[in-house]
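Trainee: I am new to this structure. Please take me closely through one part, the place where the two chains meet.

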Amino acid sequence: MKKTVTLAAFLLLLAGSLSVIGCGPKAGQPGKEEQAAGETGQAGEEMQSARDYISIVGSSTVYPFATVVAEQFGKTTDFKTPKIESTGSGGGFKLFSAGVGVEHPDITNASRRIKKSECEKCAENGVTGVVEIKVGYDGIVMANSKKAEPFKLSSKDVFLALAKEVPNPSGAEGELVPNPYKTWKDINPELPETKIEVLGPPPTSGTRDAFVELAMEAGAKEFAWIKALKKEDKDKFKQISHTIREDGAYIEAGENDNLIVQKLDANPDALGIFGFSFLDQNTDKMQGAFIDGVQPAFEAIADGSYPLSRPLFFYVKKAHVGTIPGMSEYLTEFTSEKAWGDEGYLTEKGLIPMPKEEREKYAKVAKELIAISCDEL
Amino acid sequence: MNKSTKQAGAGSSGTSRRERTIDIVNKRLEKRYRNEKRFRLYGLLSIMASVAFLMFLLTSIVGNGYTAFLQTYIKLDVQLEQGMIDKENPGRSDFQGIIKQAIRAYYPEVNDRKERRELYALFSSGAAFQLRDAVLKDPALSGTTVSLWVLADDDVDMLMKGHIKRDVPESERRLNNRQLQWIGKLEAEKRIEKRFNTTFFTAGDSREPELAGIWGAVKGSFYTMLVTLALSFPIGIAAAVYLEEFAPKNLATDFIEVNINNLAAVPSIVFGLLGLAVFLNFFGMPRSTPLVGGIVLMLMTLPTIIIASRAALKAVPPSIREAALGVGSSKLQVVTSHVLPLALPGMLTGTIIGMAQALGETAPLLMIGMVAFIVDVPGGFTDPAAVMPVQIYLWADSPERAFVERTSAAIMVLLAFLISMNALAVVMRKRFERRW
């Protein structure tokens, strides 16, 4: 059985040569980026194999829009189609801020603005020129099955239904009790007498962050003494308004919004929290709840009358423009009217466009690559 | 027999001393039969339960997914006038514009801007690329009128397949009454039909369901598996042979053995974290590539292969080794020309089962960036790529309704691969197996 041995030896050799190819172009091109960005980590200098496609990471909310732009860009230009990973906003910033060089992503998508700490982390790792581009708006909806009546909620109702601790129903100021409400009627006599059951995203999700900030905070502020607390003791205020109850009324349904839609369809009594684009695609099964009297619709989110909407962003590494092929062309594609305009292809995917002046402003930022400074944040 | 009589005798009092062994056996016989019958029933029930679950799973996947193998096409007469195609660089012509003009020509009554947009929405954005391919293939088409079957938009496709109902109120469907009328015109003239969905088997990922295909993921899986096989098979076999045939039995080898068994049970995400730390951060290998994915999956399959190979080596009777040694073979000759050939079928089976396991893995790939939107079909080991289970995960998470059936169809393709790999393992075993 000499053959077996030869075969094994051959396979070993193959494996060996493969790993050599992988680590091969170590001393490729001494990076131009490093000079541009000043100091970089050592890892960056060690490994410089060329990359001929754009690498994008970040928010799962921006992902459906960024992928469409990437595909259009890949099909209409001679550049390769960018690679997009959906890592969540926080995960995206972590990868983005790790350094300058081909092994680090060029662009990160975010469903919230960059935090000061993240911006400082960038500067620390040599990522000095960070360009911020606002893409448009996304609405967060609370929706239920069409088999039931639509909910008409105020942000106060939302806060009282979902907070872990709520102000004492007796009206005593400054006193918190564990959330006693079991049915919607307990909160507001006008609401139906069904059990409070809300399916929503887990704490790692950007949608959850935005929901808590937009809906729960607004609801908490309806109580004068909690509102006053915001100035005196910010942490306490955050703790009251940002903590969601854990007694089973709020069910963490994972990051998969499609799953929430399916569960809502099967359980007409439950409410779900997810992005507007999923409501838009499922209008035959779902209906959005009125929040403070406004139902989520394209126009209502665009003109700001629907309260639960948030801006979406992406951030670009200035040092990579010109080094990675196609960067400036990708920015041009994303900021063109045919993409993010009032009737652009992104609106068909559920993106709510910005007003024209704002679009022009950010198109200029993208063209001239105007970097942000961490002190502004 | 004696014992039981004695026990029975001791159990009953003196009066029943005349009771014979055969009577006692007969008395309990019925109960014993019943017990056996009941036991068989339990076994049958559990088999039936698992078959029922499997059937439920398969029918729900096939029931959801079989429609994805068909795709709606619309016949469009495209007039290619002389000036429309760029002579110097035909690929750069405005094909989108030509398609729109052809649509307008078919529906001359639609003039309103908003209505036109609704009209264009019935056709896939891929139609322009179809026209482009046709023109590039046959430049002589310029100046003629071409009848082209172009892709319909995913909403139209869903309507034709019955996933969007026509009888619900207008506000509750993604196609309005005007659009239904236009489709009605196409239907009346037999210009719309469902055909076999070749795009699904030839294209990479896309955000437009009608343009999305599994081929990119299949190729990504292929390259990844190739790396995994090339590394894990030789390393696994060599490790197993050494441990089983050459290594001294001492504390060190015991320790290694325990560790290998432990590794086989480690959750796969841990290998992903290891891959991220070692291969990406330390060695600086390129992210999202089959090369790194293959190495990470190799780490995961190695314990499986080593354990299966060692079991196969253990199953070779010692008499064969002794006989070979007896006629003067060296230890190496015994292994290479007697033990290894006999153990090989078992080793191959273990390898294929390990590979099948690796084929269905997503968790370790998440950490090294292979869970990503990748449109271009990978052409090598260092191109960014996704694998089949990742593709399924990404489609399952997409809002468009048409991705539901594509998810199920992709699962069917993955299952087909797994079944053929397992069948290969069975065939290998049957062919090379030797019994004593």
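Mentor: What follows describes the contact between the chains, then a part of the fold of one chain.

This is a predicted model, in which local features need pLDDT of at least 70 and side-chain atom pairs count only at pLDDT 80 or more, while totals for chains, interfaces and linings use all residues. Residues are numbered from 1 along each chain as its sequence is written, chains are lettered from A and ligands numbered from 1 in the order in which they are written, and side-chain values use heavy atoms, with hydrogens and water left out.

Chain A gives 46 residues to the contact and chain B gives 46 residues, where contact means heavy atoms within 4.5 Å. The size of an interface is often given as the accessible area lost when the parts come together. Here chain A and chain B bury about 4,200 Å² between them, with 54% of it on carbon and sulfur atoms; buried area is the accessible area (1.4 Å probe) that two parts lose on being put together, summed over both.

There are 14 residue pairs in polar contact between chain A and chain B, both residues at pLDDT 80 or more. A polar contact is a pair of N or O atoms within 3.5 Å; within protein, one must be able to donate a hydrogen and the other to accept it, and residues adjacent in sequence count only if both atoms are side-chain atoms. On the chain A side, the elements giving two or more residues are α1 (2-23), α4 (63-76), β2 (83-85), α12 (257-266) and α13 (276-281). Helices (H or I, at least four residues) and strands (E, at least two) are DSSP runs, numbered from the N terminus. The largest share of this side, 10 residues, comes from α1(A).

Four salt bridges are counted between chain A and chain B, a salt bridge being a side-chain nitrogen of Lys or Arg within 4 Å of a carboxyl oxygen of Asp or Glu. One salt bridge joins the side chains of Asp284(A) and Arg401(B), at 2.9 Å, N to O.

Strands also meet across the contact: β2(A) and β4(B), residues 372-373, run antiparallel and are joined by two bridges. Two strands pair if DSSP finds at least two bridges between them. Glu85(A) is opposite Ala372(B) in β4(B).

Within chain A, strand β1 (residues 55-58) runs parallel to β3(A), with three bridges. Val57(A) has Thr108(A) of β3(A) as its bridge partner.
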